[in-house]
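Please read the numbered points with the model open alongside.

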Amino acid sequence: MNVIDASDLTRTYVTGEVSVTALKGVDIAVPEGDFVAIMGPSGSGKSTTMNLLGCLDRPTSGSYKLDGVEVSGMSADQLAEIRNQKIGFVFQGFNLLARTTAMENVELPLLYREKEIPSKERRQRCKDALQSVGLGHRLDHVPTQLSGGEQQRVAIARALVTRPSLLLADEPTGNLDSRTSVEVMRIFQELNEEQNITVLLVTHEPDIAQFAKRIITFKDGRIKSDLTVKERLVAKQVLLNMVDEDE
Ligand code: ADP
Ligand code: MG
């Protein structure tokens, strides 16, 4: 089944007299277990798409089924509920609470479900999530005692702890140096390969996109290309062969 089934999504922003159509009819289907990188120049509609897919915003027109449920017509309250149940977010700036331990930061999204999940199980789930991003030895550290890469891993654990259907990240390595970026991308790759977690992330760095299984490129509010990494390699090889034959 597809986690994401979006068809003909459009989004027009209206501010006063001016309106900007940021998305002009986008189709995206993402099966469970996929790992997608979204690329494209600034202003091409990447964040708008992520906001729609993350149920932070509603399309002007089009259909969006998340886990088989049509969400495009839902109210803000219903969207918040779906978001909390089904989506884990990772942001460029980590968005961790200062003076709050890794464990407590990861526990936050579970506190909405305080009655549902007993505190002992909550703590166990936070520990498991932190272990799955390689931070089992940093449970009681606060953000200032952690490196940038470690902080982003805490944020990934926080996104995972609710067991979402979908992990969404907008430029998750944008504030990290290149070595730390690779470390964080390996975590996404491991979560995807070992736990079959569906990942969709935005990046403007081609090297970062290579960690994904599939790359969707946006241009001017539309999808310009949508290729698996394998297809890209084949296409590249064909081009190289053509150059060889010309010589
Ligand atoms: P990207 O993330 O690819 O840089 P965005 O999705 O943020 O692109 O923006 C796409 C277009 O929509 C841009 O022209 C941008 O200026 C416009 N836009 C984005 N958000 C808003 C908004 N809240 N109000 C008005 N225009 C917006
Ligand atoms: Mg953006």
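Leaving aside its neighbours within four places in sequence, with which residues is Ser181 in contact?

1. Ser181 is in contact with Thr173, Leu176 and Ile208, once its neighbours within four places in sequence are set aside; contact means heavy atoms within 4.5 Å. The residue belongs to helix α6, residues 178-195. Helices (H or I, at least four residues) and strands (E, at least two) are DSSP runs, numbered from the N terminus. Ser181 counts as buried, at 2% relative accessibility. Here buried means under 20% relative accessible area, exposed over 50%, and partly exposed in between, with a 1.4 Å probe and protein chains only. A polar atom of the Ser181 side chain lies 2.8 Å from the backbone oxygen of Asp177.

2. On the basis of the values: this is a predicted model, in which local features need pLDDT of at least 70 and side-chain atom pairs count only at pLDDT 80 or more, whereas totals for chains, interfaces and linings use all residues. Residues are numbered from 1 along each chain as its sequence is written, chains are lettered from A and ligands numbered from 1 in the order in which they are written, and side-chain values use heavy atoms, with hydrogens and water left out.

3. The surroundings of ligand 1 come next. Ligand 1 is surrounded by Tyr13, Ala22, Pro41, Ser42, Gly43, Ser44, Gly45, Lys46, Ser47 and Thr48, where a residue is included if one of its heavy atoms lies within 4 Å. By class, this shell has three nonpolar, six polar and one charged residues. For these classes, Ala, Val, Leu, Ile, Met, Phe, Trp, Tyr, Cys and Pro count as nonpolar, Asp, Glu, Lys and Arg as charged, and the others, Gly among them, as polar. Helix α1 (residues 46-53) gives the largest share of the shell, three residues.

4. A polar backbone atom of Ser44 is 3.2 Å from an oxygen atom of the ligand, and a polar side-chain atom of Lys46 lies 2.8 Å from one. For Thr48, an N or O atom in the side chain is 2.5 Å from an oxygen atom of ligand 1. The protein covers 60% of the 560 Å² of accessible area that ligand 1 has on its own, by the Shrake-Rupley method with a 1.4 Å probe.

5. How many of the eight residues of α1 are buried? Six are, and the helix is mostly covered. The buried residues are Lys46, Thr48, Thr49, Met50, Leu52 and Leu53. Just after α1, Cys55 takes a positive phi of about 60°.

6. Four strands form an open sheet in the order β2-β1-β4-β5, with antiparallel pairing; two strands pair if DSSP finds at least two bridges between them. At the edges are β2 (18-31) and β5 (69-70), each of which pairs on one side only. Strand β4 (residues 61-66) pairs with β5 over two bridges in the antiparallel sense. Leu66 stands opposite Val69 in β5.

7. Asp8, in strand β1 (residues 2-15), has a phi near 50°, a positive value in a residue other than glycine. Asp8 is partly exposed, with a relative accessible area of 47%. Asn95 has a positive phi near 55° and is likewise a residue other than glycine. Asn95 sits in the loop between β6 (87-90) and α3 (102-111), and is partly exposed at 46% relative accessible area.

Notes. A polar contact is a pair of N or O atoms within 3.5 Å; within protein, one must be able to donate a hydrogen and the other to accept it, and residues adjacent in sequence count only if both atoms are side-chain atoms.
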